[in-house]
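Opening the notebook on this one.

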Amino acid sequence: MLSSLARATAAVALPLALPAMSLAPNRPKLLIFDVNETLLDLGKLQRAVNQEFQSETAFKQWFALLLQYSLVDTVTGHYHNFGQIGDAALDMLAQALGQPARPAGRKKALLAIITELPPHPDIIPGLTALQQAGFRMVTLTNSPDATGQKQMAYAGLTGFFEQLLSIDSLRRYKPHPDTYRTTCERLKVAPAQAMLVAAHGWDTAGAQRAGLQAAFIARPGQQTYPLAPAPTLTGPTLSDIARQLIW
(Lines give C-alpha, C1' and ligand atoms only; values in the text may rest on other atoms or scores of the structure.)
Protein backbone atom coordinates (compact mmCIF):
# COMPACT_ATOMS: atom_id res chain seq x y z
CA MET A 1 0.00 0.00 0.00
CA LEU A 2 1.23 3.49 -0.79
CA SER A 3 1.77 5.92 2.04
CA SER A 4 -0.50 8.94 2.18
CA LEU A 5 2.47 11.10 1.22
CA ALA A 6 3.23 9.00 -1.85
CA ARG A 7 -0.41 9.11 -2.89
CA ALA A 8 -0.55 12.86 -2.51
CA THR A 9 2.68 13.37 -4.42
CA ALA A 10 1.53 11.13 -7.25
CA ALA A 11 -1.76 12.96 -7.43
CA VAL A 12 0.03 16.28 -7.84
CA ALA A 13 2.22 14.85 -10.60
CA LEU A 14 -0.75 13.66 -12.64
CA PRO A 15 -2.91 16.21 -14.47
CA LEU A 16 -6.66 15.87 -14.57
CA ALA A 17 -7.74 13.52 -17.33
CA LEU A 18 -10.30 10.94 -18.34
CA PRO A 19 -11.52 8.37 -15.79
CA ALA A 20 -9.66 5.08 -15.64
CA MET A 21 -10.70 2.84 -18.51
CA SER A 22 -9.74 -0.44 -16.81
CA LEU A 23 -8.02 -1.74 -13.72
CA ALA A 24 -4.92 -3.94 -13.54
CA PRO A 25 -5.80 -7.26 -11.85
CA ASN A 26 -2.32 -7.49 -10.31
CA ARG A 27 -0.02 -4.60 -9.52
CA PRO A 28 3.08 -5.29 -11.66
CA LYS A 29 6.48 -5.42 -10.01
CA LEU A 30 8.22 -4.24 -13.19
CA LEU A 31 7.20 -1.81 -15.94
CA ILE A 32 8.92 -2.33 -19.30
CA PHE A 33 8.66 0.67 -21.63
CA ASP A 34 8.87 0.71 -25.39
CA VAL A 35 10.78 3.78 -26.60
CA ASN A 36 9.93 4.97 -30.12
CA GLU A 37 6.44 6.53 -30.31
CA THR A 38 5.69 5.38 -26.76
CA LEU A 39 8.11 7.62 -24.86
CA LEU A 40 9.51 9.70 -27.71
CA ASP A 41 7.69 11.88 -30.23
CA LEU A 42 8.74 10.85 -33.77
CA GLY A 43 7.29 14.02 -35.30
CA LYS A 44 10.70 15.54 -36.07
CA LEU A 45 11.82 12.44 -37.93
CA GLN A 46 8.48 12.15 -39.70
CA ARG A 47 8.73 15.69 -41.02
CA ALA A 48 12.31 15.16 -42.20
CA VAL A 49 11.53 11.94 -44.09
CA ASN A 50 8.37 13.37 -45.65
CA GLN A 51 10.26 16.45 -46.77
CA GLU A 52 13.16 14.43 -48.14
CA PHE A 53 10.87 12.31 -50.31
CA GLN A 54 8.28 15.04 -50.94
CA SER A 55 5.45 12.80 -49.79
CA GLU A 56 3.08 13.05 -46.84
CA THR A 57 3.07 9.27 -46.50
CA ALA A 58 6.82 8.65 -46.87
CA PHE A 59 7.52 8.29 -43.16
CA LYS A 60 4.66 5.85 -42.60
CA GLN A 61 5.85 3.76 -45.57
CA TRP A 62 9.43 3.80 -44.32
CA PHE A 63 8.52 2.91 -40.72
CA ALA A 64 6.30 0.06 -41.91
CA LEU A 65 9.20 -1.30 -44.00
CA LEU A 66 11.52 -0.98 -41.00
CA LEU A 67 9.20 -3.07 -38.83
CA GLN A 68 8.38 -5.54 -41.59
CA TYR A 69 11.97 -6.38 -42.43
CA SER A 70 13.07 -6.54 -38.80
CA LEU A 71 10.53 -9.35 -38.51
CA VAL A 72 11.82 -10.93 -41.74
CA ASP A 73 15.28 -11.09 -40.15
CA THR A 74 13.89 -12.62 -36.96
CA VAL A 75 11.70 -15.20 -38.72
CA THR A 76 14.48 -16.25 -41.10
CA GLY A 77 17.12 -16.47 -38.39
CA HIS A 78 19.24 -13.53 -39.56
CA TYR A 79 20.11 -10.24 -37.88
CA HIS A 80 20.92 -6.70 -38.92
CA ASN A 81 20.56 -3.91 -36.38
CA PHE A 82 17.71 -1.43 -36.60
CA GLY A 83 19.97 1.22 -38.16
CA GLN A 84 21.03 -1.11 -40.95
CA ILE A 85 17.43 -2.09 -41.67
CA GLY A 86 16.40 1.57 -41.52
CA ASP A 87 19.06 2.40 -44.11
CA ALA A 88 17.90 -0.41 -46.40
CA ALA A 89 14.28 0.68 -45.91
CA LEU A 90 15.18 4.17 -47.18
CA ASP A 91 16.49 2.57 -50.37
CA MET A 92 13.31 0.51 -50.70
CA LEU A 93 11.19 3.61 -50.09
CA ALA A 94 13.01 5.55 -52.82
CA GLN A 95 12.46 2.67 -55.22
CA ALA A 96 8.76 2.42 -54.32
CA LEU A 97 8.32 6.15 -54.96
CA GLY A 98 10.22 6.01 -58.26
CA GLN A 99 13.02 8.19 -56.89
CA PRO A 100 16.81 7.73 -56.89
CA ALA A 101 18.45 6.13 -53.88
CA ARG A 102 19.86 8.68 -51.45
CA PRO A 103 23.62 8.94 -50.88
CA ALA A 104 24.99 7.18 -47.81
CA GLY A 105 25.73 10.47 -46.07
CA ARG A 106 22.20 11.75 -46.55
CA LYS A 107 20.69 8.53 -45.22
CA LYS A 108 22.99 8.65 -42.20
CA ALA A 109 21.88 12.22 -41.45
CA LEU A 110 18.21 11.27 -41.66
CA LEU A 111 18.62 8.23 -39.43
CA ALA A 112 20.60 10.24 -36.86
CA ILE A 113 17.49 12.30 -36.13
CA ILE A 114 16.10 9.37 -34.14
CA THR A 115 18.66 10.15 -31.41
CA GLU A 116 17.39 13.74 -31.09
CA LEU A 117 13.70 13.32 -30.30
CA PRO A 118 11.76 14.94 -27.45
CA PRO A 119 9.51 13.02 -25.08
CA HIS A 120 5.77 13.29 -25.54
CA PRO A 121 4.29 15.94 -23.17
CA ASP A 122 2.66 13.31 -20.95
CA ILE A 123 5.81 11.28 -20.41
CA ILE A 124 7.70 13.18 -17.70
CA PRO A 125 4.58 13.71 -15.52
CA GLY A 126 3.61 10.06 -15.93
CA LEU A 127 7.10 8.71 -15.24
CA THR A 128 7.47 11.02 -12.25
CA ALA A 129 4.26 9.71 -10.70
CA LEU A 130 5.23 6.09 -11.31
CA GLN A 131 8.73 6.62 -9.93
CA GLN A 132 7.39 8.30 -6.80
CA ALA A 133 4.94 5.42 -6.37
CA GLY A 134 7.88 3.02 -6.21
CA PHE A 135 7.61 1.17 -9.53
CA ARG A 136 10.68 -0.47 -11.03
CA MET A 137 11.02 0.76 -14.63
CA VAL A 138 13.22 -0.22 -17.58
CA THR A 139 13.14 0.41 -21.31
CA LEU A 140 13.21 -2.23 -24.03
CA THR A 141 13.81 -1.08 -27.59
CA ASN A 142 14.43 -2.60 -31.00
CA SER A 143 17.08 0.07 -31.56
CA PRO A 144 20.75 -0.75 -30.92
CA ASP A 145 21.99 -0.22 -27.37
CA ALA A 146 24.06 2.87 -28.25
CA THR A 147 21.08 4.48 -30.00
CA GLY A 148 18.80 3.85 -27.03
CA GLN A 149 21.33 5.38 -24.66
CA LYS A 150 21.62 8.51 -26.81
CA GLN A 151 17.85 8.79 -27.14
CA MET A 152 17.21 8.68 -23.41
CA ALA A 153 20.05 11.11 -22.65
CA TYR A 154 18.82 13.63 -25.24
CA ALA A 155 15.23 13.38 -23.98
CA GLY A 156 16.32 13.73 -20.34
CA LEU A 157 14.69 10.44 -19.32
CA THR A 158 17.65 8.29 -18.28
CA GLY A 159 17.19 8.92 -14.55
CA PHE A 160 13.72 7.37 -14.50
CA PHE A 161 14.92 3.91 -15.47
CA GLU A 162 16.76 1.14 -13.67
CA GLN A 163 18.20 -0.12 -16.97
CA LEU A 164 18.04 0.81 -20.66
CA LEU A 165 17.73 -2.47 -22.57
CA SER A 166 17.92 -3.39 -26.25
CA ILE A 167 17.14 -6.54 -28.21
CA ASP A 168 20.62 -6.20 -29.75
CA SER A 169 22.27 -8.88 -27.62
CA LEU A 170 19.41 -11.36 -28.17
CA ARG A 171 19.24 -10.61 -31.91
CA ARG A 172 15.50 -11.17 -32.10
CA TYR A 173 13.16 -8.26 -32.59
CA LYS A 174 10.02 -7.54 -30.66
CA PRO A 175 7.37 -8.95 -30.72
CA HIS A 176 9.25 -12.28 -30.55
CA PRO A 177 8.33 -13.80 -27.15
CA ASP A 178 11.98 -14.28 -26.20
CA THR A 179 12.56 -10.52 -26.08
CA TYR A 180 10.05 -10.05 -23.28
CA ARG A 181 10.84 -13.25 -21.39
CA THR A 182 14.58 -12.64 -21.46
CA THR A 183 14.01 -9.15 -20.05
CA CYS A 184 11.96 -10.59 -17.20
CA GLU A 185 14.62 -13.21 -16.48
CA ARG A 186 17.32 -10.54 -16.46
CA LEU A 187 15.36 -8.45 -13.97
CA LYS A 188 14.38 -11.54 -11.93
CA VAL A 189 10.64 -10.97 -12.31
CA ALA A 190 8.08 -13.52 -13.46
CA PRO A 191 6.38 -12.54 -16.75
CA ALA A 192 2.97 -12.30 -15.05
CA GLN A 193 4.45 -9.77 -12.62
CA ALA A 194 5.73 -7.52 -15.43
CA MET A 195 3.85 -5.09 -17.64
CA LEU A 196 4.87 -3.77 -21.04
CA VAL A 197 3.87 -0.16 -21.69
CA ALA A 198 3.68 0.61 -25.40
CA ALA A 199 1.84 2.61 -28.06
CA HIS A 200 1.84 -0.26 -30.58
CA GLY A 201 -0.75 -3.00 -30.79
CA TRP A 202 1.81 -5.47 -32.17
CA ASP A 203 4.04 -4.83 -29.13
CA THR A 204 1.31 -5.27 -26.52
CA ALA A 205 0.09 -8.39 -28.35
CA GLY A 206 3.59 -9.86 -28.28
CA ALA A 207 4.06 -9.14 -24.59
CA GLN A 208 0.73 -10.69 -23.63
CA ARG A 209 1.40 -13.78 -25.71
CA ALA A 210 4.67 -14.08 -23.75
CA GLY A 211 2.72 -14.04 -20.46
CA LEU A 212 3.15 -10.38 -19.47
CA GLN A 213 0.51 -7.79 -18.67
CA ALA A 214 0.32 -4.88 -21.12
CA ALA A 215 -0.69 -1.23 -21.04
CA PHE A 216 -1.58 0.40 -24.36
CA ILE A 217 -1.09 4.15 -24.77
CA ALA A 218 -3.65 5.02 -27.45
CA ARG A 219 -1.70 7.69 -29.28
CA PRO A 220 -3.32 9.18 -32.41
CA GLY A 221 -3.16 6.76 -35.32
CA GLN A 222 -2.34 3.72 -33.17
CA GLN A 223 -4.62 0.72 -32.68
CA THR A 224 -4.63 -2.55 -30.79
CA TYR A 225 -4.69 -5.85 -32.69
CA PRO A 226 -8.28 -7.19 -32.65
CA LEU A 227 -7.14 -10.84 -32.78
CA ALA A 228 -4.96 -10.51 -29.68
CA PRO A 229 -6.10 -10.28 -26.06
CA ALA A 230 -7.27 -6.83 -25.00
CA PRO A 231 -4.51 -4.92 -23.16
CA THR A 232 -4.64 -5.07 -19.38
CA LEU A 233 -4.85 -1.27 -19.30
CA THR A 234 -5.65 1.32 -21.96
CA GLY A 235 -5.46 5.11 -21.82
CA PRO A 236 -4.74 8.05 -24.12
CA THR A 237 -1.64 9.13 -22.19
CA LEU A 238 0.94 7.72 -19.78
CA SER A 239 -0.61 9.87 -17.06
CA ASP A 240 -3.87 7.96 -17.51
CA ILE A 241 -2.04 4.63 -17.35
CA ALA A 242 -0.16 5.78 -14.23
CA ARG A 243 -3.39 6.79 -12.52
CA GLN A 244 -4.86 3.34 -13.12
CA LEU A 245 -1.74 1.66 -11.74
CA ILE A 246 -1.42 3.88 -8.68
CA TRP A 247 -5.04 4.15 -7.61
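Contact, in these notes, means heavy atoms within 4.5 Å. I keep in mind throughout that this is a predicted model.

**Entry 1, overall make-up.** I looked up the secondary structure and got 10 helices and six strands. Of the 247 residues in the protein, 51% are buried. I then checked how far along the chain the contacts reach: taking those between residues at least 6 apart in sequence, 67% join residues at least 24 apart.

In soluble globular proteins, nonpolar side chains tend to be buried together. Here I found that the largest nonpolar core has 69 residues, and that Phe33, Leu130, Leu157 and Phe161 have the most contacts inside it. Helix α3, residues 58–76, gives the most to this core, with seven residues.

What does Leu130 touch, leaving aside its neighbours within four places in sequence? I listed Leu31, Phe33, Phe135, Met137, Leu238, Ala242, Leu245 and Ile246. Phe33 on that list is also one of the core residues with the most contacts.

Side chains of opposite charge can pair when their charged atoms come close. My count came to 11 salt bridges, and I went through a few.

Asp91 and Lys107 meet through their side chains, N to O at 3.0 Å. Asp91 lies in helix α4 (residues 82–96) and Lys107 in helix α5 (residues 104–112), so the pair ties together parts 16 residues apart in sequence.

Next I looked at Asp178 with Arg172, a salt bridge at 3.1 Å, N to O. Asp178 counts as partly exposed at 25% relative accessibility, and Arg172 counts as partly exposed at 31%.

Are Asp203 and Lys174 buried or exposed? First the geometry: they form a salt bridge, with the closest N and O atoms 2.9 Å apart. The pair links distant parts of the chain, with Asp203 in helix α9 (residues 201–209) and Lys174 in the loop between β3 (163–166) and α8 (177–186), 29 residues apart. As for burial, both Asp203 and Lys174 are buried. I followed the shared partners too, and salt bridges join Asp34, Lys174 and Asp203 into one network.

Terms used. Residues are numbered from 1 along each chain as its sequence is written. This is a predicted model: local features need pLDDT of at least 70, side-chain atom pairs count only at pLDDT 80 or more; totals for chains, interfaces and linings use all residues. Side-chain values use heavy atoms; hydrogens and water are left out. Helices (H or I, at least four residues) and strands (E, at least two) are DSSP runs, numbered from the N terminus. Buried means under 20% relative accessible area, exposed over 50%, partly exposed in between (1.4 Å probe, protein chains only). A nonpolar core is a set of buried Ala, Val, Leu, Ile, Met, Phe, Trp, Tyr and Cys residues joined through side-chain atoms within 4.5 Å. A salt bridge is a side-chain nitrogen of Lys or Arg within 4 Å of a carboxyl oxygen of Asp or Glu.
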